[in-house]
Amino acid sequence: MDAELKELYQQVILDHNKNPRNFRKIENANHFAEGYNPLCGDRLNIYVELEDGRIKDISFQGSGCAISKASASLMSSIVKGLPVEEAEKLFEKFHAVITGKITDEENIEELGKLAVFAGVKEFPSRVKCASLAWHTMVAAFKQEDKSVSTE
Amino acid sequence: MATEIINNNKRKSTGFDVNKIRADFPILKEIIHGKPLCYLDNAATTQKPQSVIDTIVKYYTSQNANIHRGVHYLSELATKEFEDARTKVKDFINASSEKEIIFTRGTTESINLVANVFNKAILKDEDEIIISAMEHHSNIVPWQLIQDQKKIKLRIIPIGDNGEIIFDEFIKLINEKTKLISIVYVSNSLGTINPVERIIEEAHRHNIPVLLDAAQAIQHIKIDVQKLDCDFLAFSGHKIYGPTGIGVLYGKEKLLDSLPPFLGGGDMISKVTFEKTTYNELPYKFEAGTSNIADTIGLGTAIDYVSQIGLENISLHENEILDYATESLLQIPELRIIGQAKHKSSVISFVFDNIHPHDAGTFLDFEGIAIRTGHHCTQPVMDRFNIPATSRASFAMYNTKEEVDVLVKGIKKLIEVFN
Ligand SMILES: Cc1ncc(COP(=O)(O)O)c(C=O)c1O
């Protein structure tokens, strides 16, 4: 594979695409949002179980390209257990990296496993794919707490 | 049988030589990501031969002036070049007069023009327009825009699993409220060639006019509007080796005459006072403002180029490539072709079980292969086949079997990496 292409489709991304983690529905999720990227037709459902401002469990379902699927898979593994604010901060940083606003190694390294998406910045049309899961998660946070609203 | 022999002879005598044709298109020598360009996105837009490029350069270098209004030399020269292009279009589709050839920005504007003037002059609440389930968004949305003002209904001809319209269902949709049938001649996402002759015949038995979206037909199929007897025909210059920003609306003179203008402004009037304005004659009534002069003349050159090679020769070659590509792609078990109509143009949409079209598109790009991925502005078709998107390879007169081999090799590599 070409070097630039390899940067985009790192082995970790290909693995998560093939074997996505947390690819399921959480039956007792109290937050949910549907993400849609009309350009590619990607659809992602994000299920979140929040408890005391923390992400107790998070999962996703849907169809999309390797980048969006791997992004959802990695995101869900990493934010599980984090307080909501920290997950949102992480998204800010992640977004800055994939849009090329942060390029220094140190900052990128702080993203941990998510650093594999740094190659996306060379593919502007794929930024939306990488960020769809995150946008959808943040939208889910903002949704009414379902366990409350159904009472 | 007889026509086959004639075609073959013709082909030999005109000597269709794909390498010679390729040499006319400078962009085909480009290197993309270190690989020779393999351009298979011709349904989106075609590349331009040197003669078209030269025409535009020449126009701006030595002929530029505004048309129809000046008495000076350059204005008369530019007007003549511009009107010559109209005659070339007229001859190319065998319209009966230049009055029937209206220049627009493209297929989209042509359809919007018809929708607009139909809305103004003809459509009333409860009227119906028939389109098909395989329309490009440009033949859906203009009609929906009217629905914001009037209670008109869009009736949709369904399509079967093979990607053909269901003709019996079409017949059932026709009634006394039907005011227009607006249908795509060749589908840009499925490649289906619709039975437009039968559709027009059926429509005319009920005195209903027919608009053909010929955006994907004009570059592949010889069109004779008088023989076809369509009432309107829309196409874009950039899909027939011409420039972007120029298109055509053909309309029968009588029909165009009876319809009100679309846009108002210069060129479309004959006399303006603050009390009353009279409109110019056809086709100028529908061409308000300064036209896209350079690209219109460029379209004329593109038509010259296509005519010189011959649409029959072009479609023979393209069909050969289509058959070869279809056969080759069917050998790949992980790949499924969407759209398997009996009559197809050189468009192949395909999907993989486990690989998203966007990954395929990006991956193949690095092999120098340009294909289109997405919904191709036909979201209802994607919904019909229950897929989010497809990858699409579409062929033009300059494509070769070797390029099909490059595509197939690229796809095999793609499957290796992603599966
Ligand atoms: C079938 C069909 N109709 C209409 C259009 C719109 O053409 P344009 O964008 O040139 O107006 C296209 C182009 O993609 C097409 O393929």
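Student: In this predicted model, about how much area do chain B and chain A bury between them?
Tutor: The size of an interface is often given as the accessible area lost when the parts come together. In this predicted model, the contact draws 22 residues from chain A and 13 residues from chain B. Carbon and sulfur atoms account for 60% of the area that the two chains bury between them, and the total is about 1400 Å².

Student: Which residues of chain B lose the most area to chain A?
Tutor: The contact takes 13 residues from chain B, and three of them lose the most area to chain A, together giving 35% of what that side buries. These three are B:His358, B:Phe366 and B:Phe418.

Student: Which side chains meet in the salt bridge between chain A and chain B?
Tutor: Side chains of opposite charge can pair when their charged atoms come close. Across the interface of chain B and chain A the rule finds 1 salt bridge, alongside 7 residue pairs in polar contact, both residues of each pair being at pLDDT 80 or more. With a distance of 2.9 Å from N to O, the side chains that meet in a salt bridge here are those of A:Arg126 and B:Asp359.

Student: Which element gives the largest share of the side of chain B that touches chain A?
Tutor: Two helices of chain B, H13 (357-365) and H15 (401-418), each supply at least two residues of the side that touches chain A. By class, that side has 6 nonpolar, 6 polar and 1 charged residues. The largest share, 4 residues, comes from H13(B).

Student: Turning to the domains of chain B, how far apart do the C-alpha centres of domain 1 and domain 2 lie?
Tutor: The domain assignment of chain B gives a domain 1 in two segments, 3-48 and 310-418, and a domain 2 covering 53-308. Between these domains, 42 residues of domain 1 are in contact with 37 residues of domain 2, and the area buried is about 3000 Å², of which carbon and sulfur atoms give 55%. The C-alpha centres of the two domains of chain B lie 27 Å apart.

Student: Which side chains form the salt bridge across the interface of domain 1 and domain 2 of chain B?
Tutor: Across this interface the rule finds 1 salt bridge, together with 27 residue pairs in polar contact, both residues of each pair being at pLDDT 80 or more. On the side of domain 1, B:Arg384 is among the three residues that lose the most area to domain 2 of chain B, the others being B:Lys48 and B:Leu311. The salt bridge, at 2.8 Å from N to O, joins the side chains of B:Asp161 and B:Arg384.

Student: How many residues surround the ligand?
Tutor: The closest residues are B:Thr108, B:Asp213, B:Gln216, B:Ser236 and B:Lys239. A polar side-chain atom of B:Thr108 lies 2.6 Å from an oxygen atom of the ligand, while polar side-chain atoms of B:Gln216 and of B:Ser236 each lie 2.7 Å from a ligand oxygen atom. The number of residues that surround the ligand is 13.

Student: In which helix of chain B do B:Asp84 and B:Lys80 both lie?
Tutor: Over all chains the count of salt bridges comes to 25, and one salt bridge is formed by the side chains of B:Asp84 and B:Lys80, at 2.7 Å from N to O. The two residues are 4 residues apart, about one turn of the helix, and both lie in helix H4 (residues 73-93).

How values were computed
Residues numbered from 1 in each chain as written. Chains lettered and ligands numbered in written order. Predicted model: local features only at pLDDT ≥ 70, side-chain atom pairs only at ≥ 80, totals over all residues. Heavy atoms only, no water. Contact = heavy atoms within 4.5 Å. Buried area = accessible area lost by both parts, 1.4 Å probe. Salt bridge = Lys/Arg side-chain N within 4 Å of Asp/Glu carboxyl O. Polar contact = N/O pair within 3.5 Å; in protein donor to acceptor, adjacent residues only side chain to side chain. Nonpolar A, V, L, I, M, F, W, Y, C, P; charged D, E, K, R; others polar. Domains from an automatic or database assignment. Near = heavy atom within 4 Å.
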